[in-house]
Amino acid sequence: MIRVAAVDCGTNSIRLLVADCDPQTGELVDLDRRMTIVRLGQGVDRTGRLAPEALERTFAACREYAAVIKELGAERLRFVATSASRDAENRDDFVRGVLDILGVEPEVITGDQEAEFSFTGATKELTGRADLTRPHLVVDIGGGSTEFVVGEEHVRAARSVNVGCVRMTERHLVVDGEVTDPPTAGQIAAMRADIEAALDLAEETVPLREAHTLVGLAGSVTTVSAIAQELPAYDSVAIHHSRVSQERVREITEWLLRSTHAERAAIGSMHPGRVDVIAAGALVLLSIMERIGAREVVVSEHDILDGIAWSVAEALGTPQEHSAEQPE
């Protein structure tokens, strides 16, 4: 077993996984898995820059994660950054801050690389499941972008499009700096049109409708599952590999789009950082299911973070892997 650390820094959240991995057997054992809402992508769609307060929230989480990585003694660390830091003019400020705290440079990966990691993380443990026939379509609905990957054992086609829960909320649901509560029919229609255009773009290169099993990743999807199960609190075990029908996703999405902030915040399984963006994320999921005719979505708690960890365990010694020792 190889002890590795993986950090996934997205538009809305930053996550850490420290795990023992066995590349020979495919076994991955969590030692620590945590997530912090930092909203790194705050305002990026409008300004093109990472906000100072968003950077500081992210660096505070990095300092917390550095202590965990050191305590658990991970042999290798890989830090991957996604949509927000890929788009920002001042991404060098982000890179320098991470390097100072964790001793490694974040890899600002492309959307296609992001999709590869998501597919590996989500499907590695589904091998041999007769009830989940291939090809799989893995959909990772992030804050700034959504990744689509179709494949069997390996990726056949992948595409990243700039539609995510934070980007859609900021683009369509924010008026005078405040999220409309609840949104108007016109706002919802404009957001839906944006999502449909992105699906058209994805279908240019990814055969979405050929998939037999839809696997959904990331916070918007897992939160929809938690709501569908009426969980009193967020429960990863109950959520992982749960199945939610298209009809149930539609019911939840429609309720979220007409609910108030207070009503959404009262849901026991809702992370406070998702209250204002969950409706947009649920609409992205529903639109995908309707587009491909998926009767259900299989929800996975294993995603890009697990894919990053596997890349470390399986490719030790490449230039992309780094010692997890912290700077003095």
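User: How many Å does helix α2 (residues 52-72) reach from its first C-alpha to its last?
Analyst: In this predicted model, helix α2 has 21 residues. At 1.5 Å a residue, a span of 30 Å is expected. The reach from the first C-alpha of α2 to the last is close to that, at 31 Å.

User: Which strands and which helix are included in what covers the buried residues of α2?
Analyst: The buried residues of α2 include Leu 55, Phe 59, Tyr 65 and Ile 69. Their cover includes the strands β1 (2-9), β2 (13-22), β3 (27-37) and β4 (76-81), together with the helix α4 (91-102).

User: Which residue just after α2 takes a positive phi?
Analyst: Helix α2 comprises residues 52-72. Just after α2, a phi of about 70° is taken by Gly 73.

User: Does Arg 291 count as buried or exposed?
Analyst: Arg 291 lies in helix α12 (residues 278-292). Its relative accessibility is 14%. Because buried means under 20%, Arg 291 counts as buried.

User: With which side chain does the side chain of Arg 291 make a polar contact?
Analyst: Leaving aside residues up to four places away in sequence, Arg 291 touches Leu 199, Asp 200, Glu 203 and Arg 209, among others. The side chain of Arg 291 makes a polar contact at 2.7 Å, and the partner is the side chain of Glu 196.

User: Over which residues does pLDDT stay under 50?
Analyst: The mean pLDDT of the protein is 90, and 95% of its residues reach 70 or more. Where pLDDT is low, predicted coordinates should not be read in detail. The model has 15 contacts beyond four places in sequence for the stretch where pLDDT stays under 50, residues 317-323.

Technical notes. Residues numbered from 1 in each chain as written. Predicted model: local features only at pLDDT ≥ 70, side-chain atom pairs only at ≥ 80, totals over all residues. Heavy atoms only, no water. Helix = DSSP H or I, 4+ residues; strand = E, 2+ residues; numbered from the N terminus. Buried < 20%, exposed > 50% of the residue type's maximum accessible area, 1.4 Å probe, protein only. Polar contact = N/O pair within 3.5 Å; in protein donor to acceptor, adjacent residues only side chain to side chain. Contact = heavy atoms within 4.5 Å. pLDDT = per-residue confidence, 0-100. Expected span 1.5 Å × (residues − 1).
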